[in-house]
Every structure is written in C-alpha cells, then in structure tokens.
Amino acid sequence: MKILTLIRQVPDAEARVRVTNGAVDLEGATLVMDGMDEYGVEQALRLREGGADAEIVALAVGPRRNEDALRTALAMGADRAVHVETDAVLDPISLSKVVARIAQTEGIDLVLVGGQQADWDSQALGAATAERLGWPQLTWTNGLQVQDGALTGRHDVDEGNETFTATLPAVVTTQQGLNEPRYPTLPNIMKAKKKELRKDTLDQYGVTPLVRVVGAEIQARARMNRVIDGKDPQAAAAQLLELLRNEAKVIA
Amino acid sequence: MLDLLSVRDLLTSEERAVWDATRAFTTGELLPHAQGWWDAGGAPRDLMRRFGEQGLLGPTLPPEYGGAGLSAVAYGCAMYELERADSGLRSLASVQGSLVMGPIHRFGSEDLRRRWLPGLASGELVGCFGLTEEGGSDPAAMRTTARADGAHYVLTGSKVWITNSPLADVAVVWARVEGEDRVGGFVVPTDTPGFSAPKIDGKLSLRASVTGEIVLRECRVPAANRLEGARGLGAPLSCLTDARYGISWGALGSLETSYGTAREFALGRVTFGQPIASRQLVQEKLARMLAEHSKGLLLSWRLGVLKDEGRLSPPQVSLAKRDNVRAALNGARAAREVLGASGITTAYPVMRHLLNLETVDTYEGTHDIHTLVLGREATGINAFG
C-alpha cells in the first residue's frame with residue numbers, strides 16, 4: 001500500500017512571532033514540522049513496522065523553507081517526498097485540491113493529515129480531501145491499524161471514544177495521543193539527503209487560493225505578575241484557592 | 001531557540017535538522033531529568049545507550065564505524081543542545097566522541113577501529129581518555145611510562161580528573177614510551193590486570209558525569225593496542241582541539257538556559273510595583289548575556305566552517321573556548337543574581353549551570369592557558385613556563 005502524509009510547517013512552540021504590516025512575521029522564528037503531522041508520519045512508520053508493506057510519501061505545499069520539514073519526515077523514515085513549492089497561502093479547501101490530485105496520481109491508499117492544521121485550526125482539510133476523493137474520512141484518531149486491506153482504529157467523541165473499521169482507500173486525521181513520535185536520529189538525517197525530494201509547482205495543479213488573509217493581530221494579555229510565596233505550602237495552597245475562587249472566578 | 005543574528009540561516013538543511021532533532025531530544029529526554037541526575041551524582045549508565053541510539057556519540061565519524069558523517073558545524077549544534085541541559089551530559093558525549101573514538105579513528109589500526117568504534121558509537125561501551133596527571137596544564141611533564149616487552153607494552157603511572165574512568169570499558173592512555181622519548185597512545189581495556197579507576201568523590205560540579213583516576217600498575221597490553229599513528233604529544237593535543245571546539249558551542253547552550261531563565265523570572269517578578277525586567281540594572285545583565293550569546297554563536301559557526309574546510313588552527317579554538325565559556329560562566333552568575341534567593345535553589349537550573357561552568361572554564365585548557373595561547377599568537381613569545 002501507499003501512504004501519503006501531509007506535512008505543514010509551523011513556528012516552534014517557544015517561538016515569539018511578530019505581526020508586521022498586518023501579517024504574521026516569521027522572520028527569526030524557528031519553524032518545525034507541525035506536531036499533528038508528526039503523529040501522521042510516525043503512524044505511517046508504525047503501520048509499516050507492524051507488518052504493512054507500505055511506501056510512505058511525505059507531501060508539503062508551501063514555501064521553499066518547507067523543505068526542512070520534509071527532510072525531517074524523510075529522516076524519521078518516509079521513503080520519498082513531494083514538495084509543491086509556492087509562496088501562496090492556501091486555504092484548506094484549495095489545499096485539499098492539491099492533496100486529492102496527488103493522492104490520485106500517486107495511487108495512494110491512505111492519506112494522513114494533521115487534525116487541526118495548527119496554523120489555520122479549521123479542521124477542514126481532511127474532510128475536504130475525503131469529499132473530493134469520495135473516500136471515507138476518520139477524524140480525531142488516537143489508534144490505528146491496517147489489517148487485510150481495512151483500517152481498524154479508535155477515535156474520540158464527546159462522551160468517550162469509539163472503535164471503527166473502514167475500507168481503504170481512506171483519509172485519516174490525527175490527534176495527540178495517537179503515538180509518541182520518534183526523534184530523527186543523526187545518521188538517519190544524513191541518509192535522508194539521498195532520498196528523493198520531488199519539486200512541483202502550484203501551476204501544475206491549477207489551484208489559486210479562495211481566501212486571502214488581509215490582516216492579523218496578536219492578542220496580548222497583561223499578566224498579573226503575582227507570585228505566591230511557597231515557604232508555607234498549606235498557606236500557599238489556601239491563597240491560590242482564594243484567588244481562583246474570588247478573583248479569577250474560575251472555580252465555585 | 002535563541003538566535004538574534006539568524007545564524008540558523010547560515011546552516012545547511014542537514015545542520016538545521018540535526019539541531020532541531022537534538023533540541024527535541026534534549027527537551028524530551030534530558031531537561032526533565034538533569035537536576036535529578038545531578039542530585040544522584042551521576043546519570044544512569046543507560047543514558048549512554050540512548051545517546052548512541054540517537055547518533056550523538058562520534059557523529060562526525062564515517063558510517064562504517066558507527067558514525068553519521070556529520071559536518072563539524074552539525075556536531076557543534078548537537079553539543080549546544082546537550083549542554084543546554086547540563087555541561088556534565090555534554091561532557092559524556094564529547095569525551096566518548098572527541099577524546100576516545102576520535103584518536104582510535106585517527107591514529108589506530110584498522111583492527112582497533114573495527115574492534116572498538118561500533119560499540120563506543122552505540123553506547124554499549126563507555127570510554128575514557130587518560131592524559132592529565134598531577135602536573136595539570138603541563139602534559140609534557142608526563143610521568144606515566146610505557147615499556148616495550150616482547151609483543152606487549154607495560155604501562156605504569158597514574159592519571160587524574162578522568163571523566164567516566166570509574167565506569168569505562170576501555171581507556172585511551174597516553175604514556176612516555178621508554179627508548180623513544182616521546183608520548184604514545186594505547187588502547188587499554190579496563191579489565192586488564194593492574195588497571196584500576198578509583199572514583200573522585202565530593203564534586204560540587206559536573207555531578208551528572210562521574211570522574212575518577214586511572215592507576216596503572218604494570219599493566220600489560222598487546223603491542224597491537226598502540227595507536228600507531230600517534231607519535232608525540234601533538235596527537236593527544238589534536239584530540240583536545242576537537243573537544244574544545246565542541247565545548248565552544250556547548251557553553252552557548254548553557255548560556256541560553258541561564259538567559260532564558262533569568263529573562264522569564266525578571267518579567268514575572270514584581271518589586272516596587274513593576275516587574276524587575278523594567279529596571280535598567282536587570283536589563284543590562286540580560287543585554288550582556290544576549291550580546292555574548294549572539295557573538296559567540298557567530299564565532300562557533302565560523303570555527304565550524306573553518307574546521308570543515310580543514311583550515312582550523314589551535315589559537316582560533318583557544319579564542320572560542322576561552323571566550324564562550326567565560327561568557328557562559330559570567331551569564332550564569334548574572335542570572336543567579338537576577339533570580340535573587342530563588343537562584344540558589346535547585347528549583348531553577350542556573351546554580352547547577354554556574355557550578356558546572358566553573359569546571360568547564362578550567363578543563364580542556366584553563367581560561368588562562370588559552371589566554372597564553374592567544375598571547376603567543378599575538379607576540380610570537382611563549383609565556384607558558
């Protein structure tokens with residue numbers, strides 16, 4: 001089988017981003033593979049290590065710097081990568097057109113995408129891709145296996161979780177708890193240099209963005225800068241409770 | 001990642017990947033435990049295997065010996081990250097890589113390479129490096145001897161301040177070879193009769209790594225264990241140049257931790273109605289740390305490029321080791337001061353880094369010795385002895 005994992009690149013959790021001229025300015029911020037997509041790559045590797053005869057293709061659609069995130073996926077163990085290089089910012093529906101097209105031309109059986117798409121938080125990409133392909137979509141997945149050409153897995157619902165089976169091909173969105181992604185090892189980072197990284201242009205897919213971002217602001221909240229003295233733990237706990245109850249009003 | 005001058009843009013894609021992967025490893029696997037290992041007086045033996053799995057031991061060596069063929073710059077990025085957690089943890093990796101695997105690879109026979117390097121790279125084996133004696137900074141005063149005896153050498157003498165010696169499986173020992181009047185290197189399995197490595201107790205610095213002596217009493221090793229390519233003191237000194245290069249990066253990782261801790265604390269700590277970060281005296285400390293870190297990173301990167309081009313000279317390494325470590329030490333002291341009383345507890349990492357850096361400032365060539373190397377570079381006059 002062939003597995004396609006979509007890679008997005010986002011600012012590192014510790015990065016401090018700025019807004020310049022109404023747009024998020026990533027200059028100087030460290031960009032890493034979206035954590036949700038790490039779960040996707042890791043799960044593809046685990047399916048293969050669990051016995052599935054799988055080729056794993058990593059896909060990124062975005063600017064040149066995305067290459068670093070693809071190299072990370074290759075270093076984790078993906079077999080090859082496709083980079084649709086563009087400086088255009090694609091909304092999830094436009095992006096799904098590229099993903100669906102590649103899934104078709106590459107003969108993909110399983111598409112793994114991040115659940116939340118950390119920089120849009122739309123949760124629409126998986127659904128839109130599945131819709132275009134006419135494939136089943138399974139969301140918020142936190143357990144996944146492939147047996148006899150079918151998927152079995154588990155996902156969260158409001159009241160708890162459900163287990164499911166589905167036929168392949170399918171689209172699966174990941175979430176925290178699906179697995180514990182591995183760190184790429186230094187030898188594998190060097191070996192990944194030799195793996196194929198194909199460059200496509202957005203023109204090849206005939207896609208233009210439907211939504212354009214025209215402004216951005218960072219929400220800043222002033223901190224209260226209050227430090228509770230911890231010398232007497234019981235008094236500190238009592239003071240914290242008092243503040244949470246009467247000042248922040250977050251507990252009754 | 002603290003990188004005011006966007007040094008990251010100067011790295012190759014692989015170098016950035018090595019940095020990111022090691023950063024994630026440090027954040028996930030080292031930072032949560034660093035203080036506990038310090039308290040316990042040593043990291044668990046298994047950590048060396050984790051380093052090995054991650055490829056952190058001797059990563060610049062070629063793959064056939066268990067290395068990853070990394071550039072010097074990528075190696076520096078990895079050392080930066082390990083020392084962001086703790087100088088003792090970085091020491092574990094740099095001793096094994098630069099001081100044990102390095103000389104076996106550079107000066108050893110093919111048999112020695114094949115026999116020892118893969119096990120050292122995977123962390124199955126632990127190595128140590130025996131050069132320093134009571135004479136400290138003056139290795140030419142070495143008293144340990146090696147006497148040829150048929151198909152063996154017999155080693156006699158003692159070494160001090162040897163990282164990892166009490167748990168090592170193998171030691172690279174430097175000794176004056178009788179009849180040659182020069183220093184030679186020997187691979188000594190630690191189970192050789194006559195070899196012992198008593199632990200040095202009472203350390204208030206680098207507590208995550210174990211330090212000991214090496215005592216050699218008529219220790220017989222096969223002549224084939226001699227590092228044939230190492231003729232004279234220049235051989236072990238070249239290993240130290242490699243290790244010092246890594247230290248120049250590592251010190252900046254430690255400085256990032258001191259700076260980050262002090263900055264966060266200063267923004268949250270209120271006195272006289274304002275966060276102390278708004279005070280000029282506190283800002284001066286943070287600005288100094290940031291400035292030294294930024295300049296040091298450019299310096300280490302440039303050193304790495306020169307090393308990859310085979311153009312690195314010892315005085316250049318002395319400059320970087322001397323200045324980056326002293327900047328990190330001063331930064332840790334300043335951070336401790338910003339934290340006030342909180343700075344002395346193990347709830348914050350700065351005092352641990354400060355105590356570690358007291359060692360880093362004087363090991364692998366003291367600050368003063370490196371100053372004299374630069375003085376000799378400037379004047380052509382040797383002021384050592």
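Visitor: How much area do chain B and chain A bury between them?

Guide: Buried area is the accessible area (1.4 Å probe) that two parts lose on being put together, summed over both. In this predicted model, chain B and chain A bury about 2,100 Å² between them, with 53% of it on carbon and sulfur atoms. Local features need pLDDT of at least 70 and side-chain atom pairs count only at pLDDT 80 or more, whereas totals for chains, interfaces and linings use all residues. Side-chain values use heavy atoms, without hydrogens and water; residues are numbered from 1 along each chain, and chains are lettered from A in the order in which they are written.

Visitor: How many residues of each chain are in contact?

Guide: Contact means heavy atoms within 4.5 Å. Here 33 residues of chain B touch 20 residues of chain A.

Visitor: Which side chains meet in a salt bridge?

Guide: A salt bridge is a side-chain nitrogen of Lys or Arg within 4 Å of a carboxyl oxygen of Asp or Glu. The rule finds 1 across this interface: Asp68(A) meets Arg16(B) at 2.6 Å, N to O.

Visitor: Which elements of chain B give two or more residues to the side that touches chain A?

Guide: Helices are DSSP runs (H or I, at least four residues), and strands are runs of E (at least two), numbered from the N terminus. The elements are helix H1 (13-30), helix H3 (46-54) and helix H7 (234-268) of chain B. H1(B) gives the most, with 13 residues.
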